[in-house]
Each structure stands twice: as C-alpha cells, then as structure tokens.
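The sequence and the model are shown first, and a description follows.

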Amino acid sequence: MRLTRLGAGLPLLLAALAGYFLFPDYLTLFTSLFILAAFALSYDLLQGHAGVVSLGHAVFFGTGAYTAALLAAHGVQEPVTGLVVALLVSGLLALLLTRLVVVGNDLTRLLITLGIGFLMLEAANQARWLTGGADGMSDFTMGPVLGLFRFDFAGETAFFYSLAVLVLVYAFLWRLTTSPFGLALRGIRENVRRMPAIGAPVSRHLATAYTISGGIAGVAGAVLAQTSNFASLDMLGFERSAEVMMMATLGGTGSIPGVVLGAAGFSYLKDALSAVSPKYWHLGIGLVLMASVFVLRGGIAGGFTALLRRLRGRA
Amino acid sequence: MARTEWHPGRVGRRTVLLGASAAAGLPLARPAIAQERKLVVGVVLPLSGTFADQGKNYEDGIKAFQKVNGTKVGNITVETVMRDDQGPASGDLSRRMTQELIQRSRAEIILGYSFTPNAMSAASLLTEAKRPAIIINAATSVITERSPYFTRISMTLPQLSASLGQWAAKSGIKTVYTIVSDYAPGLDAETWFTKAFEAGGGKVIGGARTPVSAMEYSPFLQRAIEAKPDAVFGFNPGGDVSVAFMKQTKERGLTEAGIKLLVTGDVVDDNLVPAMGDALDGVISALHYQVELQNPANQRFLSAFREVAGANAVPSYRTVQGYDGMALIYHALQASGGKTDAESIMNAIKGARLDSPRGPITIDPATRDIVQNIYIRRGQRLGSGWANIAFETIEGVKDPAK
C-alpha cells in the first residue's frame, strides 16, 4: 500500500514535467489543474480518509484566496509569505468551525457545511469595502516568488510555483495518512463507535483533520488568487465545493494519486469539452460523471486497481 | 512568433523545441500570397449556464455583422474563436480563457466580457500582453481605467440612470423612492440616478436595496407605496428577476396609487417585453437602443439579425453591442491601414465614429468609453403586444462617472 502510493507520485510528477515540455501553450491549464488537485487533496483528507463529507469546503479555498489578495493589496507582495498566512488564517477558521461540523452524521454535516458556505458567500458579498463584493478583487500586484521569479505572461513561474505547492501538499498528506494519525482517521471512517473503545479521541482527531484540511484548501486558494491576480466570490461558492467533491469521486476517494488524477481528468475534460462545444459541454461532463460512477467503481484509482488485479490473474 | 515578444533574448529548451517544430512545419505554413493574412478575434462570452441566453445574444450580433460585411477587411480575413467563461461566478476562468485565446489561438484582439468581474480579472493580463480588448457589456464605470487596452462598446449604468434622473427632474417629478438590487451595478444606478435627479431639483425620499436574485418584491413595493412618492426608480439584473419585479409592480397597483415607475432600460429589455405584458404600461425607461429606431443602420442590422436568428426573433440591446463590437474592430483595421499591432489598433479606436443601429456613437479618446444617445421610452401597446417607444432623445451622453 505504502509503496504503491509513493510509487504513483513519481510518475505523476514526471508527467507534469513532461507536460511543460510537450504542451508549452497549455501552462495556464496545467497551473489551474495543480491548484485544483491540491484543493481536491485537502478535501479528500476529510471525505476519503476521515469519512467526513462537506458541501462547503470552498469556504476555506476562498478564505485563502482573499487572504492572499488582501495581503498583496496591503503591501505584502511576496507570494510565499502570502501562502503561509493563508494557511494559518484558513486553518484557524476551520478550527473555529469544527465544533459545528464534526458533530452529527453525514446529513447534518452536509446541511451545516452548505449553510456555512452560503453565510460566508453573503458575508463576503456584503463586505464590499474589504472584498470588492461582486466585482471581485483585482487591484493588487504580486511580487516575485521569493524575490526571484516574477509571474510572467506565459505562466512559467505560475506553473512551477503551483507544481511545487502540489508536490508539498502531496508529500505531506501521504506522510500524514500513512502515520498512526492517518490510521486513526481511517478507523473513524470505518467504525466511529468502536474507536473510543480502543482509546482514540475521535472528536480531537476529527478537529485536527478538519483544521489541516481547511488550511491546505486555503493554500490552494491563495495560489489561485496569486497566479490569476484575482479573487472573487465564486472562489467560496457552492459550485466550487460541489466540483471538488466530483473530482475526488471521479479520481477515487481515499487514494492520493487517484484524487490528483481525478482533478486532472476533470479539468482536462472541462477544457476539452468546452473548446469543442462552448455551449453544450455540460452534457458531456454529466455523461462522463455518471459513467464513471457506474463503470469505474472507486473512480480512476479503483479502475487501476481492478485492472492490475485482472492482469495479475491472467499472468 | 508571439512567444519571443514576451521573452526577448531568451533561448531555453522550449524555444529550441519550438524552433525545431516550427522548422518542420515551415514548408506547409508559408502563406501562398504574402499580403493575405488572418486575424483572430478571441471572443469570451457566457455560453453555458444561467446566462447562456446573453451569450447567444452577443453571438448573434457578431454573426449578423459578419453576414452583412463579410469576413474580410482589405486583405485581412477576420476569424472569431469563441470561448465560454460561464458567467459572473467565474472571474478567474475568464482570465484563463483570455490568456489561452492570446497564447494558443493567437488572438490579436479580444471581444467579450458580459460581467464586471470577468473584465476586471483580465485587465492586468491584457496590459501585459498588449492586446486591445473590446468590452461587449460589463457596465461598471471603473473597468476602462484598469487597462489602457480596454474600450467599451456597450454602456455604463451611470449613463442610463443619470439620464433618467435628469429627465425625471425636468418632467415635473418631485419625489422618488428607489428600489435597486444590492450589488455593485445596483449601487451605481442608485447613486447616479440620485445625483442627477437631485441636481435637477428633485428629492429622493427613501429607498430599498433588494437581494440580487430576489423574486419577491411585495414588501419593498408596499413600503414604496406608503412613502407616497411621485415615482419609483427601479434597477435589477434583468432576466427572470426583472420579469418578477415588473409583474409585481402591476399586481401591487403602483399606477393605481398614482406612482410612476422609472427603470433603467435593461430591466425592460426588448426580449423580456413579451413576458412582462401589460405590466409595461406607462413605464418610463432609459436605454441606448431599441428595436423600433428608424435609421438605415438599424434596418441593415435587423435584416441581418433575422437571417441569423430567425424571422420572428427579437434582438436585445446586447445583440447590438455584439454587432457594434465587430463594427469597431473592422473600423479600426480599416483606419490603421491593416496594421494590427496594439498601438495602431488603439489609436484607430480612440475617437472612432460609427454609424450604429442605435444612432451615431463615438469612442471618447480620453476614457475609451462610449459616447452615445440615450433614449427615454414609454411602455405602450403596439399591435397585439407591448413595446417601449422612444419619445425623447438625449444626445451624445458621456459616462457621467468619469
């Protein structure tokens, strides 16, 4: 298990680097894909590992985006500093919200996170003096990364910057989910009633997972705001929360490389279909999602596992 | 070709790769006749989701223009590449689409942006890439100041609401109650109506701000009626929301209470009129276009539009904006003598005069914003249906916010 996870990370990284050389015109698409993958990974720590569903995860993504944008607008233009602050702010927000979220069952969680999402959206909309309301925030400039690399038009800096963030998130989550803490989370997912019996502090574990997950989502949001020089309400909206759930499901929830592939597949599909038919591409997305649930049980990762098993059985 | 512009003097592995692939394609890529060339106009519109109908309107306008005028300007073939930005809830997507159009599709001019955030998010990108962009709709005043490459072909809300405020004060209306949607354009509308109306001697005696997607206006209208103003000024984001607003003003009996209704023209967009029906009776609105305008340019536009969209289709003011956006691009290409670099195009655009279906329009060379006639219209019966009929023209209106 451990080996396959680490093993899948290297080919993915190589594929990303190959993309840089093979498709130099698609760097912005890759960048958005890396950001979404990091966001999807943060969400999957909750759904895939701890078994906590949420329809409001974009709240943290958006908080990170606004934090980074506000920092840059008020003079702190170095992106990595922005990332760290976004991590702390979003993590803190998640910590404050844990008590509301970790109580109850899946249904109440879905409703509560949905409600928090709507509240945050409206709050950001009303706080025009801070967030620019419905117009979004674009009145800031980003400095060079670490004072060295300027964000360029072709998106090369943004490409490596977001890839670096994704690699860090990937490695951190891989380490985290294979640690005893990760095992405890899986225990909670499988049987939440039994965990206290073996002395595991369930709500503290969930609070930790939720805080980490929120913090990472904030980092992903911050990268988006920094690389696109823009923060807007949609970044905390429901659609983004729903999308991240779709990406995790498509990729295979609970599998780190699977979720990365899911995010990649989802963004590629969106881009390709919307280029083919700017009007009817939703139809294609819908069909693929439905097919993936019926045909690929366990998502892309599940499909891979099944394929490997079959190959082995034949040999 | 364009890549080297952004990285002068830089020779990296990718440049080598690119050079190699370009060399391989060279015998095929060389054009047959040296002067003939293609110009890509990148079009960014909401083509899917809630606002897809708006995207369709602009698209019809763009197609209608090319139907009348062909695809060639001199020896330049103008080709459009459309991308979907999915409406206002996706600001960063419109930026990415713009970047991809410039980089992948080699777009030299951008036309699009139906919503303010979408235009705002692309601003710094356009400045960096030095690509002229024509705003097809986004109406918040400040946008054109965000990039020197922006030009607006649509209108600004202050243009409409200040014209209406000015007219109201002049026509004997003394007191007004305002009902606007609670978001940036709504606040713009409220501010500029109030300014112009009070400058003309009127008084705004109260107001309400309603949630952007609200479908229930009875409580706000009730409060308005109790305030006993001479008129109510309304603004909301169009579509179903505006249909609901208009119908409820009728149900609540605004007219019976002796209160006039004033709205910006986008609220009673021509293509919403059939759904509003008799709620339109006597409603005063201000807009920069209407179907019934009598001028040769409008006749040409309408016949081309009906060829594209069907004989019974009703164009929106948005359709005209799409049509005029293309007209401005053609005009610029002619005026620049076929030069397509950003400076030549921008110089040709600044101060451009066009014979639009909405009447004569000019681009203010200082602000790159549109100067145009604003028509004051009254809703009345026309044949078996209802229509907004212009009864007064305010000529050459600039954006009052600049």
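Two strands are said to pair if DSSP finds at least two bridges between them. The model described here is predicted.

In chain B, the bridge partner of B:Ile179 is B:Ala208, which lies in β8(B). B:Tyr177 has B:Val232, in β9(B), as its bridge partner. The pairings of strand β7 (residues 175–181) of chain B are set out below.

| Strand paired with β7(B) | Sense | Bridges |
|---|---|---|
| β8(B), residues 203–210 | parallel | seven bridges |
| β9(B), residues 231–235 | parallel | five bridges |

Six of the seven residues of β7(B) are buried, so this strand is largely enclosed by the rest of the structure. Between β7(B) and β8(B) the chain passes through helix α7 (residues 184–199) of chain B, forming a right-handed β-α-β crossover.

Chain A contains 13 helices and zero strands. Its radius of gyration is 19 Å, which agrees with the value near 20 Å that a compact globule of 315 residues would have. Along the principal axes, the C-alpha atoms of chain A fill a box of roughly 55 × 45 × 40 Å. Of the 315 residues of chain A, 50% count as buried. Among contacts in chain A with a separation of 6 or more, 78% come from residues 24 or more positions apart.

The contact between the chains draws 26 residues from chain A and 32 residues from chain B. On the side of chain A that touches chain B, two or more residues each come from α2 (27–50), α9 (202–228) and α12 (281–294) of chain A. The residues of that side comprise nine nonpolar, eleven polar and six charged.

Definitions and conventions: Residues are numbered from 1 along each chain as its sequence is written. Chains are lettered from A and ligands numbered from 1 in the order in which they are written. This is a predicted model: local features need pLDDT of at least 70, side-chain atom pairs count only at pLDDT 80 or more; totals for chains, interfaces and linings use all residues. Two residues are in contact if their C-beta atoms, placed from the backbone, lie within 7 Å. Helices (H or I, at least four residues) and strands (E, at least two) are DSSP runs, numbered from the N terminus. Ala, Val, Leu, Ile, Met, Phe, Trp, Tyr, Cys and Pro count as nonpolar, Asp, Glu, Lys and Arg as charged, and the others, Gly among them, as polar. A residue is buried if 20 or more other C-beta atoms lie within 10 Å of its own, exposed if 12 or fewer, and partly exposed in between; C-beta atoms are placed from the backbone. A crossover is right-handed if, with the strands pointing away from the viewer, the path from the first strand over the helix to the second runs clockwise. The radius of gyration is taken over C-alpha atoms; the globule rule is 2.2 Å times the number of residues to the power 0.38.
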